[in-house]
Amino acid sequence: MDSGRDAGGVAGPVLIPMRFVWPYGGRSVFLCGSFTRWSELLPMSPVEGCPTVFQVIYNLPPGYHQYKFFVDGEWRHDEHQPYVPGEYGMVNTVFLATDPNYIPVLNPDVAPGNSMDVDNEAFRRVVRLTDGSEVLPRISDADVQISRQRISAFLSSHTAYELLPESGKVVALDVDLPVKQAFHILHEQLGNHGSNLTEEELETHSISAWKEGKSYLNRQNNGHGAVFPRRFIHSGPYDNLKDIAVKILQKDVSTVPVIHSSSEHASFPQLLHLASLSGILKCICRYFRHCSSSLPALQFPICAIPVGTWVPKIGESNRRPLAMLRPTASLASALNLLVQAQVSSIPIVDDNDSLLDIYCRSDITALAKNRAYTHINLDEMTVHQALQLGQDAYSPYELRSQRCQMCLRSDSLHKVMERLANPGVRRLVIVEAGSKRVEGIVSLSDIFKFFLGG
């Protein structure tokens, strides 16, 4: 052991050469640990004459260290060496003492991070090799199954009753209400969350008539000749959250009314609440906030998890393209794309695919402002002009933070879920750091499809 001195004769930090070994084979093996602040992968080399044994020597200061191996794209630990469970799964441990006669006693109940300074944010970022190339960590099937089982168990044991706020407002509309009046009520009550109809059509058409028309079109598209009225989708206050989430996903609706009736024959149902994926996700985040380590998937960056819609990489032909529009595109093209792509929002980008804004289905209600629908041409109005209808002042090259919620591909699933659980946030646009170039979108439904195995 050599303490070493610098050129000025001042004693430097004590460093002890430590040999790390992975004897279980693999095509590519790397070492990562607290001594690299979990932000760098150290390449390990096969031992001459033993191609299944990999090693690397690294100088460590005395003290307690943790480490893991990155083998063929998966995080592994050596079960034949000391290890402890913690926030990042199982990690191996080593204690180096300045006194060679010191025998360390490790407490197996000590979780990583309690006895040392671990840069959690650095670990959650995509780690890089020493040559600068990027390595994407990959979540294992075991971690996925454990996370899904625990989320499923939580949702199955909690009911819609826990979603009910102490106070709130639910907007209910009479089905005989004229569409025009309902249109304005939605805009006034819900804000900016299309059709070129005449004033007379908006006055005479009712909500029930439009629902019947939609059912007729659905029957035509599905090839059914007989009339099959769509059943009313609802839940009770004591239905479990898993059933409600599955119902929202399967029926492709944004909310499910929570109905309660005090009478035996349910002839006087009472609307208690509108259950949504956002409210359910908020319950999940609240419950697992202080025990997130019990869900291994939460620690991985979203780029390592099969969740969300991503821009296809060069050479990828099997991935669904991500719908995007320029601000100069016509409003008609935006509305058509919302329907054709079966999405609820479309990123608005510049010529470099950098995020400028986002156009959502809920923005259609902005057409009710000052009765704009009476004097616009969908083919002539641009997406940017349509967004201005709901805004008093807006610069086309200035992001509106309350609308364009963003995240990075290296953000952990836990961080993304916390953001999506905030009121009014239905999706996050995944952008490249700095350039804000759009890389994908992750929505509330994406999170639940992942955890519920949809």
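**Entry 1**

Two strands pair if DSSP finds at least two bridges between them.

Contact here means heavy atoms within 4.5 Å.

Thr309 stands opposite Ile441 in β18.

**Entry 1: what I am looking at**

A reminder to myself: this is a predicted model, where local features need pLDDT of at least 70 and side-chain atom pairs count only at pLDDT 80 or more, while totals for chains, interfaces and linings use all residues. Residues are numbered from 1 along each chain as its sequence is written, and side-chain values use heavy atoms, with hydrogens and water left out.

For the overall tally, I noted 11 helices and 18 strands. Of the 454 residues in the protein, 42% are buried. Buried means under 20% relative accessible area, exposed means over 50%, and partly exposed is in between (1.4 Å probe, protein chains only). The accessible surface comes to about 25400 Å², and 50% of that belongs to carbon and sulfur atoms. These areas come from the Shrake-Rupley method with a 1.4 Å probe, and for residues only the protein chains shown count as cover.

Next I went to β2 (residues 29-33), where five of the five residues are buried. In a regular strand the side chains alternate between the two faces of the sheet, so I checked each face separately. Val29, Leu31 and Gly33 are buried on one side of β2, and Phe30 and Cys32 are buried on the other.

β2 has an antiparallel pairing with β6 over five bridges, and Cys32 stands opposite Lys68 in β6. β2 also pairs with β3 (residues 40-43) in the antiparallel sense, over two bridges. There, Leu31 stands opposite Leu42. The hairpin of β2 and β3 has six residues between the strands, and Arg37 takes a positive phi near 55 degrees in this hairpin.

**Entry 2: His65 in β6**

Which residues does His65 touch? Leaving out residues up to four places away in sequence, I found Ser34, Phe35, Leu60, Asn92, Thr93 and Val94. His65 lies in β6 (residues 63-71) and is buried, at 7% relative accessible area. Its side chain reaches the backbone oxygen of Pro61 at 2.7 Å. That is a polar contact: a pair of N or O atoms within 3.5 Å, where within protein one must be able to donate a hydrogen and the other to accept it, and residues adjacent in sequence count only if both atoms are side-chain atoms.

**Entry 3: β14 and β15**

Why is β15 (residues 355-360) described as largely enclosed by the rest of the structure? Because six of its six residues are buried. β14 (residues 345-349) pairs with β15 in the antiparallel sense over five bridges, and Ile348 stands opposite Asp357. Five residues lie between the strands of this hairpin, and Asp353 has a positive phi near 65 degrees.

Asp252 has a phi of about 55 degrees, sits between α6 (241-251) and β11 (255-261), and is exposed at 70% relative accessibility. Lys436 has a phi of about 60 degrees, lies between β17 and β18, and is partly exposed at 33%.

How many disulfides does the structure hold? I found zero, counting a pair of cysteine sulfur atoms within 2.5 Å as a disulfide. Cys303 is buried at 16% relative accessibility, and Cys407 is buried at 3%.

How values were computed
Helices (H or I, at least four residues) and strands (E, at least two) are DSSP runs, numbered from the N terminus.
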